[in-house]
Amino acid sequence: MNPGSLRAKAPDVFKAEFITTKGNFVVEVHRIWAPIGADRFYNLVKNGFYDEASFFRVVPNFVVQFGMSAKPAITQAWEKANLRDDPVKESNKRGYLCFAATQSPNTRTTQVFINLKDNGGSLDPQGFAPFGNVTEGMEVVDKLYSGYGNDPDQGRITAQGKPYLDKSFPKLDSIKTAKVLPAEGAGDKK
């Protein structure tokens, strides 16, 4: 509920697992690609922000978008928690993740999209800076329900949350839980 309190610095590289209604996928985040975005994503995943959130925008051959909390009060608390834009260091290739934004600068908050194809030619010049990529389970991302396209109304998601989506768009897939995975080698005994 307090975006200003989630300011942990992300590890240089970390993985996050998304357990969804279609299966699981793993994202590997590289802080060097987009440090501001990587830190925000790390804090959101670590603190359960994406749990129960729907993949509310699935546009075939373009992107899968998520990042509006299932709970309206949480979405509203984060609505104005804008991030400064990171410079684009990596291209928007298939499987790469970016924060969504409006056409104005520095408007990223919590919404993320996964590129379903190489969108670098159109999205890189617009300033969309990838911070990670799907390393396992891209076939799961490809199977997320896409029949509603851009139809879900983001204003109504903000106001009503998951109940609006479940009633009006019952076939949407969603995230059951998302978690930061332990660093490889963490806990190994020497």
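Figure 1. Taken along the principal axes, the box filled by the C-alpha atoms is roughly 50 × 40 × 35 Å. Residues are numbered from 1 along each chain as its sequence is written, and side-chain values use heavy atoms, with hydrogens and water left out. Because the model is predicted, local features need pLDDT of at least 70 and side-chain atom pairs count only at pLDDT 80 or more, whereas totals for chains, interfaces and linings use all residues.

Figure 2. Of the 190 residues in the chain, 49% are buried, where buried means under 20% relative accessible area, exposed over 50% and partly exposed in between (1.4 Å probe, protein chains only). The chain exposes about 9300 Å², of which carbon and sulfur atoms supply 48%; accessible areas come from the Shrake-Rupley method with a 1.4 Å probe, and for residues only the protein chains shown count as cover. Among the contacts in the chain with a separation of 6 or more, 71% are accounted for by residues 24 or more positions apart, contact meaning heavy atoms within 4.5 Å.

Figure 3. Strands β1 and β2 form a hairpin with two residues between them, and they pair in the antiparallel sense over eight bridges; two strands pair if DSSP finds at least two bridges between them.

**Figure 4. Salt bridges.** Eight salt bridges are found in a search of the whole structure, each being a side-chain nitrogen of Lys or Arg within 4 Å of a carboxyl oxygen of Asp or Glu. One of them joins E28 to K15, with the closest N and O atoms 3.9 Å apart; because E28 lies in strand β2 (residues 23-30) and K15 in strand β1 (residues 13-20), the pair ties together parts that are 13 residues apart in sequence. K15 is partly exposed, with a relative accessible area of 21%. The salt bridge between D39 and R31 has its closest N and O atoms 2.7 Å apart, and its two residues are buried, D39 at 16% relative accessibility and R31 at 18%. R94 forms a salt bridge with D142, the closest N and O atoms being 2.6 Å apart. This pair links distant parts of the chain, with R94 in the loop between α2 (72-78) and β5 (96-99) and D142 in helix α4 (residues 138-143), 48 residues apart. R94 counts as partly exposed at 40% relative accessibility, and D142 is partly exposed at 38%. Elsewhere, a network of salt bridges links D85, D86 and R108.

**Figure 5. The largest nonpolar core and the surroundings of F25.** A nonpolar core is a set of buried Ala, Val, Leu, Ile, Met, Phe, Trp, Tyr and Cys residues joined through side-chain atoms within 4.5 Å. The largest one has 35 residues, of which F18, F25, F41, Y50 and V141 touch the most other members. At least two residues of this core come from each of β1, β2, α1 (35-46), β4 (63-66), β5, β6 (112-115), α4 and β8, and α1 gives the most, with five residues. Leaving aside its neighbours within four places in sequence, F25 is in contact with residues including A16, F18, F55, I114, V140 and V141. Another core lies apart from this one and has eight residues, among them F56, M68, Y148 and I157.

**Figure 6. A38 in helix α1.** A38 has its place in helix α1 and is buried, with a relative accessible area of 0%. Beyond its neighbours within four places in sequence, A38 is in contact with A10, F14, V29, R31 and F131. From A38 to C98 the C-alpha to C-alpha distance is 9.4 Å, although the two are 60 residues apart in sequence.

How values were computed:
Helix = DSSP H or I, 4+ residues; strand = E, 2+ residues; numbered from the N terminus.
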